[in-house]
Amino acid sequence: MEIIVAKNSGLCYGVKRALNLAKETRNKRNGKVFTLGDLIHNPRVIADLQKQGIQPIENLNELKKGTVIIRSHGVSPGVHKSLKEKQMEIVDATCPIVKKIQKLVEILAKEKEEIIIVGNKDHPEIKGLIGFSQGRGIIVENETQVKRLTHKKKRAVLAQSTQDLYLFEKIVAALIEKTEELRVYNTICHSTQTRQKATSDLASHVDTLFIVGGKNSSNTRKLFQISRRILPTTYFIENAEQITPKTLKWANKIGISGGASTPPEAIQEAVEKIKDSYKLQLKKEKTIQCRE
Ligand code: SF4
């Protein structure tokens, strides 16, 4: 049995930075410290932050007095304004790469361009980006939605930083048929692209693959979809406990990959769980042999 962990698995630069900023803020500031939404899409890290006194808040109305941390996904200018009006102390942990995409949307909106944003409409990064588009942004999640668009002379297209490159390429191809002059901005971040490539390479070399991460993490779900396209025996698990004898049946060469919000401990625990399951299995087989 062989276990291979994908290169570039686990926390990305932007998420690490946001976590460090949150911890630093908690140490330096008195009073309440909030994050606007979960700082990272991982239930166990959120529980840990709560223990340290960093509270996630979903609704702006719940914010009273104190410090609010804007997570790596960023927020729209409207949300930023509301936080200022509430006189909250703001710590902006928006990933610098997301900031660049926000700036790009702002510039394109000023140029009066129609902006196609390829991403999940419910994802916080997309909600933030659309706020920069001054009503010129259209969110597209799949090729079918492109087919419903009218033919246009000019358009621009960009992507959520964690978008699946394969899907983005397919949407761009569909948009070309609907647009005379299409400006394409590949805004999928480098960390996402290398992670996706490492996972698809691994899926081609193993017989079973576990994607570890929060079910609400969009980039982890995309890794799952990418791997599943290549390897049907890909499993999306939130923790090592979900690795069962059933998932390990016929597994000999096992891959593990994690999303941008998956802590290294979660990946290590998955490795240990697989090793333990194999030791147990070997014992069982030995017992059966003795009886015979
Ligand atoms: S996935 Fe990329 S853009 Fe998103 S937070 Fe991480 S480094 Fe930043």
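A residue counts as near a molecule if its C-beta atom, placed from the backbone, lies within 6 Å of it, and helices are DSSP runs of at least four residues, numbered from the N terminus. With that in hand, here are some close-ups of this predicted model.

**View 1. The shell around the ligand.** Which residues come nearest to the ligand? Of the 14 residues around the ligand, these are Cys12, Gly14, Cys95, Ser161 and Cys189. Helix 1 (13-28), helix 4 (96-110) and helix 8 (190-203) are the elements that each give two or more residues to this shell. Helix 1 gives the most, with three residues. Sorted by class, the shell has eight nonpolar residues and six polar ones, but no charged residues. Domain 1 (2-9 + 191-291) and domain 2 (13-96) each provide at least three residues of the shell.

**View 2. Helix 4 and its two sides.** Helix 4 has 15 residues and reaches 21 Å from its first C-alpha to its last, close to the 21 Å expected at 1.5 Å a residue. Look for its buried residues: Val98, Ile101, Gln102, Val105 and Leu108. Seen down the helix axis, the buried residues of helix 4 fall within an arc of 125°, so they line one face of the helix. An α-helix has 3.6 residues a turn, so residues three or four places apart point the same way. Packed against the buried residues of helix 4 are helix 1, strand 6 (115-118), helix 5 (124-131), strand 7 and strand 8. The face turned away from the buried side carries the exposed residues Pro96, Lys100, Lys103, Ile107 and Lys110. After helix 4 comes Lys112, with a positive phi near 60°.

**View 3. Helix 7 and its cover.** Helix 7 (residues 165-176) has twelve residues. Which of its residues are buried? In helix 7, Phe168, Ile171 and Leu175 are. These buried residues fall within an arc of 65° when seen down the axis of helix 7, so they line one face of the helix. Their cover includes helix 6 (143-147), strand 8 (152-159) and strand 9 (179-184).

**View 4. Where domain 1 touches domain 3.** The domain assignment of the chain gives domain 1, domain 2 and domain 3 (99-188). The C-alpha centres of domain 1 and domain 3 lie 33 Å apart. Their contact takes nine residues from domain 1 and seven residues from domain 3. On the side of domain 1 that touches domain 3, helix 9 (218-230) supplies the largest share, five residues. By class, that side of domain 1 has two nonpolar, six polar and one charged residues.

Key. Residues are numbered from 1 along each chain as its sequence is written. This is a predicted model: local features need pLDDT of at least 70, side-chain atom pairs count only at pLDDT 80 or more; totals for chains, interfaces and linings use all residues. Ala, Val, Leu, Ile, Met, Phe, Trp, Tyr, Cys and Pro count as nonpolar, Asp, Glu, Lys and Arg as charged, and the others, Gly among them, as polar. Domain bounds come from an automatic or database domain assignment. The expected span of a helix is 1.5 Å times one less than its number of residues. A residue is buried if 20 or more other C-beta atoms lie within 10 Å of its own, exposed if 12 or fewer, and partly exposed in between; C-beta atoms are placed from the backbone. The arc is that of the directions from the helix axis to the C-beta atoms. Two residues are in contact if their C-beta atoms, placed from the backbone, lie within 7 Å.
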